[in-house]
Amino acid sequence: MRIGYVLPNSWGLADPRDDVELAVLAEALGAGSLWVSHHVVHVDFVKERLGTGNYYDPLISLAAAAMATSTVRLGTSVLVLGYLDPLVTAKQLATLDWLSHGRVDVGVGVGNLQPEFDVAGKADFADRGPYADEFIDVLRRLWAPGPASYQGKFFTLDGVETYPGRYEPGSLRLLVGGNGGPATRRLLARDGWHGIGTTPEGAAAHCRMLTSRLAEAGRSAEGFPMQVRLHVDAGQLDPAAWRQTARAYAEAGLTDLILAPQTREKDAHRRWLETLLPVLTSVTQD
């Protein structure tokens, strides 16, 4: 099991270069992946947390991290597809994949913040699931070689060509965020699961279910990412407690445990990384 770290692009840091500094530190300390969050307007819990603090764009933040790192994977946790256009997003993600030499994982979700949809949504809140399904299909067609055609409710392509596509076969994996039934249906036809806030017991049950469902569909679970993102107290620095937590998630069958310290203090992120990443990575290598 790899350990991922969520950069605080969503926490109102005064200087976005702080994210890059933390990305470099996390890679040096053994993180297997770096992730960014996505919202576009300050409403609901985003406004409550940030006030007028800065929420930096996820793909620009990842591009900066890509240029400052060399081996760590880079992911979105998650892109809310209902706010985006697939043609533009395909271009941005493919460019990022080439900048990073194939290190990008694309976590996607339908979103659940209706006040933000009311401002930024490209479709009605009630249609966000079908919109996301078509969006994912369009991304995959645009990243494949040659002209792309597609006919759906929301998107139509007729022999559209756009380059670059994937940096290499297998890059730009599409990981579906969420833990419920619609997310499970969606991800079984995609490249992996990116769960949110699941307990070790819940993760174990979900991994078993996915392995079984994949087998029924004639697919192997080998190489299929099964990930959980957790929001964690940045002040909880007890190595023994974290060893126990990491072992529990590893035994659940996850490929990745992705941790998001909940603080806007850069020094608190640094302390968290320096204290816990060596502990967490050592446990997962046992």
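On a 1 Å grid over the protein atoms alone, I took a cavity to be a set of points where a 1.4 Å probe fits but cannot get out. A pocket is an open set with protein on both sides within 12 Å along at least five of seven lines, and lining residues have an atom within 4 Å of a point. Grid points are joined across faces, edges and corners, and a volume is the space filled by probe spheres set on the points.

**Ground rules.** I am working with a predicted model, where local features need pLDDT of at least 70 and side-chain atom pairs count only at pLDDT 80 or more, while totals for chains, interfaces and linings use all residues. Residues are numbered from 1 along each chain as its sequence is written, and side-chain values use heavy atoms, with hydrogens and water left out.

**Entry 1, the cavity.** The largest cavity holds about 30 Å³. I listed its lining as Val-6, Leu-7, Ser-10, Trp-11, Ser-37, Arg-229, Ala-260, Pro-261, Gln-262 and His-269. For classes I count Ala, Val, Leu, Ile, Met, Phe, Trp, Tyr, Cys and Pro as nonpolar, Asp, Glu, Lys and Arg as charged, and the others, Gly among them, as polar. On that scheme the cavity lining has five nonpolar, four polar and one charged residues.

Next I turned to the largest pocket, with about 650 Å³ of space. Its lining has 27 residues, and His-39, Phe-45, Val-78, Asn-112 and Ile-196 are the ones nearest the centre. Two or more lining residues come from each of helix H2 (44-50), strand E3 (73-80), strand E7 (173-177), helix H7 (181-188) and strand E9 (226-232). My element names follow DSSP runs numbered from the N terminus, with helices (H or I) of at least four residues and strands (E) of at least two. E3 gives the largest share of the pocket lining, three residues. I sorted the lining into 11 nonpolar, 12 polar and four charged residues.

Another cis peptide bond joins Tyr-163 and Pro-164, with omega about 10 degrees. Pro-164 belongs to the loop between strand E6 (156-160) and E7. I also noted His-101, a residue other than glycine with a positive phi, near 60 degrees. His-101 is in the loop between helix H4 (86-99) and strand E4 (104-109).

Two packed helices are described by the angle between their axes and the distance between the axes. I use axes that are lines fitted to C-alpha atoms, for helices over the stretch in contact, with angles from 0 to 180 degrees between N-to-C directions. The axes of H1 (residues 17-28) and H3 (residues 58-68) come within 9 Å and cross at roughly 45 degrees. H1 and H3 are therefore oblique to each other, since angles under 35 degrees count as roughly parallel, over 145 as roughly antiparallel, 65 to 115 as roughly perpendicular and the rest as oblique. Their crossing is right-handed, the near helix being turned clockwise from the far one by less than a right angle. Asp-19, Val-20, Ala-23 and Val-24 of H1 meet Ser-61, Ala-64, Ala-65 and Ala-68 of H3, with contact meaning heavy atoms within 4.5 Å. I count six nonpolar, one polar and one charged residues in this contact.

H9 (residues 239-251) and H10 (residues 266-284) have axes that come within 9 Å and cross at roughly 35 degrees. The crossing of H9 with H10 is right-handed. I found Pro-239, Trp-242, Arg-243, Ala-246 and Arg-247 of H9 against Leu-276, Val-279, Leu-280 and Val-283 of H10. That contact has seven nonpolar, no polar and two charged residues. How are H1 and H10 arranged? They pack at an angle of about 5 degrees, with axes 10 Å apart, which means H1 is roughly parallel to H10.

I located His-231 in strand E9. Leaving aside neighbours within four places in sequence, His-231 is in contact with Ala-260 and Gln-262, and I recall both from the lining of the largest cavity.
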